[in-house]
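Here is a short report on one protein chain. Keep the structure open as you read, and find each part as it is named.

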Amino acid sequence: MHLTPPLQKGGWTYAFMEQTAKDMREPRAAHGIQIVPTLISIMQQWALEYTRLDIAIMGERGCGKSSFIKAMWGLFDEDEDAAPVGEEEMMMEPTAYQHPKHPSVTFWRLPIGGTENFQPKAYLQQLKFVCYDFFIIMGLEEFTPTHAELAQEIHNRGKMCYFVRSKVDADLDAERRSRPTTYDEEEILHNIHNHCIRCLEEGGMINPEVFLLSAIELDKYDFPLLRENMEKALLGDKNRALILALPNTSPQALQKKKEAVQKQIWKIALVSSLITVIHIPVVSTILDITILLILMRYHCLVFGLDDVSFTALMRQFGKPAEELKAITKPLLAKEITINMVLQFLSSVGCGIFIGAVLSLWPLGVLGFMLSGGAVGLLAAGGISLATTYILLKTFLNGAAEDAQRILQKLSPQDNRER
């Protein structure tokens, strides 16, 4: 399977940044306009808060590491051109794959040798252990003493490690075909789980925890539990980065993403007001509109409101994309333009300006504000802060509601956390 690094041409984030830069090109005759591209780049890195997060996916060849990484992106094997057969068998070195929408989040595919000479301590040292935030050890049919020894070494070094039994959907399908009359999914999953636990206990693990997953149906089985455990293990900005990077598999996941994004809106609004107060002609206006354009498009990407994510969802649930778009009418990232930003600003800003006029009139400030004095700039900064905050919060609520509505339309009975 081919996982395209997003900062290369062709990746989602690269295309997103390219389009934003293209949309914000302006005539360069105005004084100071030459610094705009540099300032836009700095603001984009700051506004999107790229916090580095490195997740190690470990396992023998053929256990489904690549498919799991794709699923964690909200994609499937056929969403991009497939790699030649046997790629994983040939690639024994650690391979890094940046998240398409969150380039600071990197999934590392780390092969585990299946020989008796495999030494976990030496292996972790060779992999530069300290570079990873946590580890996921994947097993196909069962876990071995090698897996247990590797996990113990990871724990001893102070990092979290999770066991994932992959491809349980294939096990269930085989059992369904071989024992159609006595098929019991709950019992089969229980037996698989207990077998994995016994194997790890035989390898010296105490009270090991195993998560049963399917990359094809990531929202089923134990993924909600794994997700919860991973999120609890990370604090601060890394926790936020993980929440935003994981796929939209449930209403709870969408709500967490909304809360994570919403916490940053006040800071963005404050910067917008400072830009207004500084008031560099033309430059301030371009920067203010740019930060809104960047964040509105980014909010769409976070909630899967882009063509790539939309197509992946349609393929997963087997419903035509155009049919669902006609029902839900989502606003996609590519549809966010400068004109749309200006329309949002106009509708939100007019109401706030009228409120400011009514508030300031008794104080006799309005005339001075309009004449462009220092107090006027501060008042304009306050209006800018309120306008930006309300605009972004309103847009965020709308994007979250669109994503929730899409999830409900796709799978009304199966989209809840299990």
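## A buried aspartate

Start with D402. D402 is buried, because its relative accessible area is 11% and buried means under 20%. Keep in mind that this is a predicted model.

Where does D402 sit? Its place is in helix α18, which covers residues 374-410. The side chain of D402 makes a polar contact with the side chain of R405, at 2.4 Å. Now look for L305. D402 and L305 are 97 residues apart along the chain, yet their C-alpha atoms are separated by 8.1 Å.

In soluble globular proteins, nonpolar side chains tend to be buried together.

Take M296 as a case to trace. Leaving aside residues up to four places away in sequence, M296 touches I336, V341, F344, L391, L392 and F395.

Move to strand β4, residues 134-139. Is it mostly covered or mostly open? Mostly covered: six of its six residues are buried. Both faces are covered. On one side, F134, I136 and M138 are buried. On the other, F135, I137 and G139 are buried.

Strand β4 pairs with β1 (residues 53-59) in the parallel sense, over four bridges. Here I55 stands opposite F134. Strand β4 also pairs with β5 (residues 160-165), again in the parallel sense, over six bridges. In this pairing, I136 has Y162 of β5 as its bridge partner. Follow the chain from β4 to β5. It crosses through helix α6 (residues 145-156), and this β-α-β crossover is right-handed.

Strand β3 spans residues 105-111. It is largely enclosed by the rest of the structure, because six of its seven residues are buried.

Strand β3 runs parallel to β1, and seven bridges join the two. M58 has L110 of β3 as its bridge partner. What about strand β2, residues 95-98? Strands β2 and β3 run antiparallel, joined by four bridges. Q98 is the bridge partner of T106 in β3. The two strands form a hairpin, with six residues between them.

Most residues other than glycine have a negative phi.

N207 is not a glycine, yet its phi is positive, near 50°. N207 lies in the loop between α8 (185-202) and β6. N207 is exposed, because its relative accessible area is 67%, and exposed means over 50%.

Y221 is not a glycine either, and its phi is positive too, at about 60°. Y221 is found in the loop between β6 and α9 (223-233). Is Y221 buried or exposed? With 11% relative accessibility, Y221 counts as buried.

The chain has a mean pLDDT of 76. In all, 69% of its residues reach 70 or more. Where is confidence highest, and where is it lowest? It is highest in strand β6 (residues 210-212), at 96. It is lowest in helix α17 (residues 366-371), at a mean of 45.

Two stretches call for care. Over residues 25-32, pLDDT stays under 50, and the model has nine contacts there beyond four places in sequence. Over residues 351-371, pLDDT also stays under 50, with 21 such contacts. Where pLDDT is low, the predicted coordinates should not be read in detail.

Notes: Residues are numbered from 1 along each chain as its sequence is written. This is a predicted model: local features need pLDDT of at least 70, side-chain atom pairs count only at pLDDT 80 or more; totals for chains, interfaces and linings use all residues. Side-chain values use heavy atoms; hydrogens and water are left out. Buried means under 20% relative accessible area, exposed over 50%, partly exposed in between (1.4 Å probe, protein chains only). Two strands pair if DSSP finds at least two bridges between them. A crossover is right-handed if, with the strands pointing away from the viewer, the path from the first strand over the helix to the second runs clockwise. A polar contact is a pair of N or O atoms within 3.5 Å; within protein, one must be able to donate a hydrogen and the other to accept it, and residues adjacent in sequence count only if both atoms are side-chain atoms. pLDDT is the predictor's confidence in each residue, from 0 to 100. Contact means heavy atoms within 4.5 Å.
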